[in-house]
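Please look over the sequence and the structure shown here before reading on.

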Amino acid sequence: MGLGAGSIVIIGLVALLIFGPKKLPELGKAAGNTLREFKNATKGLADEEDDKKKTTKDQA
């Protein structure tokens with residue numbers, strides 16, 4: 001139950017109709033920046049968790 005190519009095209013066309021051609025690239029850029037920040041934040045959390053595990057393993 002995934003999104004097929006036809007569904008993605010329809011979603012894109014609806015977004016184009018709702019937001020217009022000038023606003024759509026701005027929304028894409030904002031979504032990309034948000035995903036990048038989220039990825040960096042989760043990577044930082046994972047690194048901190050790994051550091052904690054290493055510290056407790058070294059102490060034991």
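**Briefing on the predicted model**

Of the 60 residues that make up the chain in this predicted model, 3% count as buried. The accessible surface of the chain comes to about 5600 Å², and carbon and sulfur atoms account for 65% of that surface.

**Overall form**

- The chain has one helix and zero strands.
- The chain is more spread out than a compact globule, because its radius of gyration is 20 Å, well over the 10 Å that the globule rule gives for 60 residues.

**Charges and the negative patch**

- Glu48, Glu49, Asp50 and Asp51 together form a negative surface patch.
- Aspartate 51, one of the residues of this patch, has its place in helix H1 and counts as partly exposed, with a relative accessibility of 47%.

**The nonpolar patch**

- Ile10, Val14, Ile18, Phe19 and Leu27 make a nonpolar surface patch of about 470 Å².
- Valine 14, which is among the residues of this patch, lies in helix H1, a helix that covers residues 5-59.
- With a relative accessible area of 41%, valine 14 is partly exposed, since partly exposed refers to values between the 20% limit for buried and the 50% limit for exposed.

Terms used: Residues are numbered from 1 along each chain as its sequence is written. This is a predicted model: local features need pLDDT of at least 70, side-chain atom pairs count only at pLDDT 80 or more; totals for chains, interfaces and linings use all residues. Side-chain values use heavy atoms; hydrogens and water are left out. Helices (H or I, at least four residues) and strands (E, at least two) are DSSP runs, numbered from the N terminus. The radius of gyration is taken over C-alpha atoms; the globule rule is 2.2 Å times the number of residues to the power 0.38. Buried means under 20% relative accessible area, exposed over 50%, partly exposed in between (1.4 Å probe, protein chains only). Accessible areas come from the Shrake-Rupley method with a 1.4 Å probe; for residues, only the protein chains shown count as cover. Patches are made of residues with over 30% relative accessible area and no salt bridge: like charges are joined within 9 Å, nonpolar side chains (Val, Leu, Ile, Met, Phe, Trp, Tyr) within 5 Å. A salt bridge is a side-chain nitrogen of Lys or Arg within 4 Å of a carboxyl oxygen of Asp or Glu. Lys and Arg count as positive and Asp and Glu as negative; His and the chain ends are not counted. The place of a charge is taken as NZ of Lys, CZ of Arg, CG of Asp or CD of Glu.
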